[in-house]
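Here is a short tour of one protein chain, meant to be read with the viewer open. Let's take a look together.

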Amino acid sequence: MNSQQNDNIEICMCMDLDFVKPSLIAIKSIISNSSVSSNNIRFNLVIPPDTTNVITNIISKNTFKNTSKTTHNIKYRLIEFHPPKTLDRILQKMKQHELVKKLKCFYTATNYLNYSRYYLHYLFPDLNKIIYIDGDVIVQGDIHELYQTKFSNPNQIYFGAVDGYANVLKYFNYCHSIKIPQIQKHKTKVFNAGIYITLLNKWRQNNIDKVLEEWICNNISDPNQLLYYCGTEPPLNLAFCESKRIKIPAKWNYIHKWENKYNKHMKLKYQDAAMIHFKGSRKPWRNECKSKWNKLWQRYTIM
């Protein structure tokens with residue numbers, strides 16, 4: 001039975017041991033602001049190998065106290081991600097590429113767990129419609145509203161994300177011998193993959209994991225230049241370019257470091273954002289953000 005045949009809102013997240021507690025904060029914020037019972041929200045959590053017992057213990061010790069409209073428990077399941085051999089071989093080659101070694105995001109770009117969202121359709125074969133969410137977020141909106149997103153032509157378009165303010169010239173190398181016409185220089189909007197909604201059945205039918213792996217291979221095909229300069233987002237943007245995705249309202253991925261741009265271009269204030277995403281190195285749980293972000297984070301503190 002897939003997620004369209006039951007009452008669950010299916011949410012997928014990926015986390016290592018350092019991200020368990022921040023992810024639980026994100027989960028608490030989702031449950032706290034949802035119009036549906038926590039019994040109707042299931043969290044499908046992808047974790048590193050040999051960590052099931054440790055993470056289960058952490059979750060069991062961090063119960064949700066004083067959370068209205070919910071039970072004290074979350075509905076979840078854990079699955080350990082063992083990277084497929086194809087990905088493992090690609091990442092080994094990436095680690096040897098001299099230009100990849102120089103990237104600031106080297107660890108992110110070569111950490112196999114960051115690629116686990118490429119394989120959700122294999123990891124959770126019973127799921128179809130899912131929302132993927134990063135662990136460094138606070139969800140202030142009703143997740144049920146986002147889950148109701150419709151794909152008018154799901155055979156052609158089955159992915160939705162929020163356009164961001166990232167500069168495509170910092171993402172892609174337009175001088176590379178491999179041309180990327182689907183990502184137009186200066187004109188194309190790229191999305192941040194911290195949140196998206198998609199249909200996993202279509203990933204299975206279209207072998208999207210192979211499409212993404214091919215783009216990673218293309219990136220390191222030339223020893224003298226890279227096709228893109230970031231971690232796991234560019235392949236997703238290439239596979240789901242503007243003509244192949246629906247645009248989710250900006251309130252669903254309000255990236256805190258772009259606050260001035262949201263205020264200027266959209267008149268969107270963080271108080272009205274459905275999801276605040278703490279993208280980058282400055283995380284509120286490390287006290288590296290402005291006081292208002294720390295206060296917002298503390299509102300959902302579990303311990």
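## Surface and burial

What you see here is a predicted model. The protein chain has an accessible surface of about 14200 Å², and carbon and sulfur atoms account for 49% of that area. Turning inward, 55% of the 303 residues count as buried, that is, they fall under 20% relative accessible area.

## Overall dimensions

Why does the radius of gyration agree with that of a compact globule? For 303 residues such a globule would come near 19 Å, and the protein chain has 19 Å, so the two agree. If you are setting up a box around the C-alpha atoms, they fill roughly 55 × 45 × 40 Å along the principal axes.

## Fold and contacts

The protein chain holds 13 helices and ten strands. Take the contacts between residues at least 6 apart in sequence: 77% of them join residues at least 24 apart.

## A three-stranded sheet

Three of the strands make an open sheet in the order β5-β10-β9, with mixed pairing. Its edge strands are β5 (137–139) and β9 (254–255), each of which pairs on one side only.

Which sense do β5 and β10 adopt? Strand β10 (residues 275–277) and β5 run antiparallel, joined over three bridges. Within this pair, valine 137 stands opposite histidine 277 of β10.

Terms used
Residues are numbered from 1 along each chain as its sequence is written. This is a predicted model: local features need pLDDT of at least 70, side-chain atom pairs count only at pLDDT 80 or more; totals for chains, interfaces and linings use all residues. Side-chain values use heavy atoms; hydrogens and water are left out. Helices (H or I, at least four residues) and strands (E, at least two) are DSSP runs, numbered from the N terminus. The radius of gyration is taken over C-alpha atoms; the globule rule is 2.2 Å times the number of residues to the power 0.38. Buried means under 20% relative accessible area, exposed over 50%, partly exposed in between (1.4 Å probe, protein chains only). Contact means heavy atoms within 4.5 Å. Accessible areas come from the Shrake-Rupley method with a 1.4 Å probe; for residues, only the protein chains shown count as cover. Two strands pair if DSSP finds at least two bridges between them.
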